[in-house]
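Q: Pick one residue in this model and take me through what it touches, close up. After that, carry on to whatever else is worth a look.

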Amino acid sequence: MKALYDFFSLIYPVNCPACGKAIAKGETLLCTICRYELPETGYHKVQQNPVVQKFYGRIKFEFAFSYLHFHKSGIVQAILHQYKYRNQPEIGEKLGEWFALDILDSFSPIPWDVIIPIPLHRSNEKKRGYNQSNYFAAGLSGILGIPWSDKAVIRTMKSETQTHKSKMERWKNVKDIFEASDAALINSKHILLVDDVITTGATLESCGQMLLDAGAAKVSIATLATAR
Ligand SMILES: [Zn+2]
């Protein structure tokens, strides 16, 4: 039993990424308290939810939802920081699995053909060592029983930081930065596009529009978290 515990300690962090407490036997990824306090949105159960509303008048996503509420300096922010920057991408995979189990309760049959993570620009992926969204996609894929691919879309340009830009400037900044690279994965497919946090939604809008223009039948989006 100890060997098994040690094995899993290698895969998942030994400290809760939300509060820093040591993870006890029988807990996975988060300590029991943080797991209980995880601010789930439940948006996948509501067709007209705040994530859908973000895109009114911009793009028609078939379904749009996020797993968690993101608050600055909240536990989701702490978890996502470990996931993105501290070389612990498996956090995203576990959260993807938990989210997918909830999604399975609300969608039958599963309406999507393929899961596509928003790609990073190659130079950013090299710097970080991985695209965190691939792990979230893999977690969803395993439970939902549909394939995921990071070969369908490439990011051709680096976008600049969005923080000090107006809505219009943000849109211009990410317009035309994605390209379809495998038509067979896109054409006539209902695509579930995934990303980590939605803020303005400009990146998802841009990539989603490109997929529709490239022949996708429908595009839905699922993100790990959504900011107000
Ligand atoms: Zn904790």
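A: Let's start with Thr226: setting aside neighbours within four places in sequence, it is in contact (heavy atoms within 4.5 Å) with Thr41, Tyr43, Val51, Lys54, Ser66, Leu68, His69, Phe70 and Ile198. Bear in mind that this is a predicted model, where local features need pLDDT of at least 70 and side-chain atom pairs count only at pLDDT 80 or more, while totals for chains, interfaces and linings use all residues. Residues are numbered from 1 along each chain as its sequence is written, and side-chain values use heavy atoms, with hydrogens and water left out.

Thr226 sits in strand E6, residues 218-227; strands (E, at least two residues) and helices (H or I, at least four) are DSSP runs numbered from the N terminus. With a relative accessible area of 7%, Thr226 counts as buried, where buried is under 20%, exposed over 50% and partly exposed in between (1.4 Å probe, protein chains only).

Val194 is 58 residues away from Phe136 along the chain, yet their C-alpha atoms are 7.8 Å apart.

H5 (residues 90-106) and H7 (residues 132-144) have axes that come within 7 Å and cross at roughly 35°; axes are lines fitted to C-alpha atoms over the stretch in contact, with angles from 0 to 180 degrees between N-to-C directions. The crossing is right-handed, meaning the near helix is turned clockwise from the far one by less than a right angle. On the H5 side, the residues involved include Gly92, Gly96, Phe99 and Leu104, and H7 brings in Tyr135, Phe136, Gly139 and Leu144, among others. The contact residues split into 11 nonpolar, 3 polar and 3 charged (nonpolar: Ala, Val, Leu, Ile, Met, Phe, Trp, Tyr, Cys, Pro; charged: Asp, Glu, Lys, Arg; polar: the others, Gly among them).

Now for the metal. Cys16, Cys19, Cys31 and Cys34 hold the zinc ion through their SG atoms at 2.3 to 2.4 Å (donors are N, O and S atoms within 2.8 Å, or 3.2 Å for Na, K and Ca; water is absent, so sites may look incomplete). The 4 donors subtend angles of 103 to 116°, so the arrangement is tetrahedral (all angles between 85 and 135 degrees). Cys31 is buried at 1%, whereas Cys19 is partly exposed at 42%.

Terms used. Tetrahedral: all angles 85-135°; square planar, octahedral: opposite > 155°, others 65-115°.
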